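User: I would like to go through this structure step by step. Could we begin with its charged pairs?

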Amino acid sequence: MILKFTPVFKKKVWGGTKLKQRFDYAIDADDIGECWGISALSSGMSHIVNGPLAGLSLADVWKSHPALFGHRKDAHFPLLVKLIDARENLS
């Protein structure tokens, strides 16, 4: 089964609207600079939205279902997957 996660949106001064437009996310803001698609960070925790693990946080699943991750020994989920949208070129 493929797990689907709730995205976490982060407002940034330089953020834009492309995440809302291109991915059809229901976002009410025009300054979203980051979409954390897969995160086990306490400042932006993803939760599973489908299947028998629905409602659990990624951090909880990491701890309670190690077989899903190949029995890794890391203390915390070792990855943050995010999309970035800047209204203008930041360089």
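Analyst: The side chains of Lys82 and Glu34 form a salt bridge, with 3.4 Å from N to O. A salt bridge here is a side-chain nitrogen of Lys or Arg within 4 Å of a carboxyl oxygen of Asp or Glu. The pair links distant parts of the chain, 48 residues apart: Lys82 belongs to strand β5 and Glu34 to strand β2. Helices (H or I, at least four residues) and strands (E, at least two) are DSSP runs, numbered from the N terminus.

User: What kind of model is this, and how are the residues numbered?

Analyst: This is a predicted model, in which local features need pLDDT of at least 70 and side-chain atom pairs count only at pLDDT 80 or more, while totals for chains, interfaces and linings use all residues. Residues are numbered from 1 along each chain as its sequence is written, and side-chain values use heavy atoms, with hydrogens and water left out.

User: Is Glu34 buried or exposed?

Analyst: Glu34 is buried, at a relative accessible area of 9%, whereas Lys82 is partly exposed at 36%. Buried means under 20% relative accessible area, exposed over 50%, and partly exposed in between (1.4 Å probe, protein chains only).

User: How many salt bridges are there in the whole structure?

Analyst: The search finds four. One of them joins the side chains of Asp85 and Lys18, at 3.7 Å from N to O. Asp85 lies in the segment after β5 and Lys18 in helix α1 (residues 18-23), so this pair ties together parts that are 67 residues apart in sequence. Asp85 is buried at 3% relative accessibility, and Lys18 is partly exposed at 34%.

User: Now the sheet. In what order do the strands run?

Analyst: Three strands form an open sheet in the order β1-β2-β5, with antiparallel pairing. The edge strands, β1 (8-16) and β5 (81-84), each pair on one side only. Two strands pair if DSSP finds at least two bridges between them; β1 and β2 (residues 32-38) have five.

User: Which residue stands opposite Ile32?

Analyst: Gly16 stands opposite Ile32, which is in β2.

User: Changing topic, where is Ser57?

Analyst: Ser57 is in the loop between β4 (44-45) and α2. Ser57 counts as buried, with 7% relative accessibility. Apart from its neighbours within four places in sequence, Ser57 is in contact (heavy atoms within 4.5 Å) with Met45, Ser46 and His47.

User: And what does Ala59 touch?

Analyst: Not counting residues up to four places away in sequence, Ala59 touches Ala40 and Met45. Ala59 is found in helix α2 (residues 58-64).
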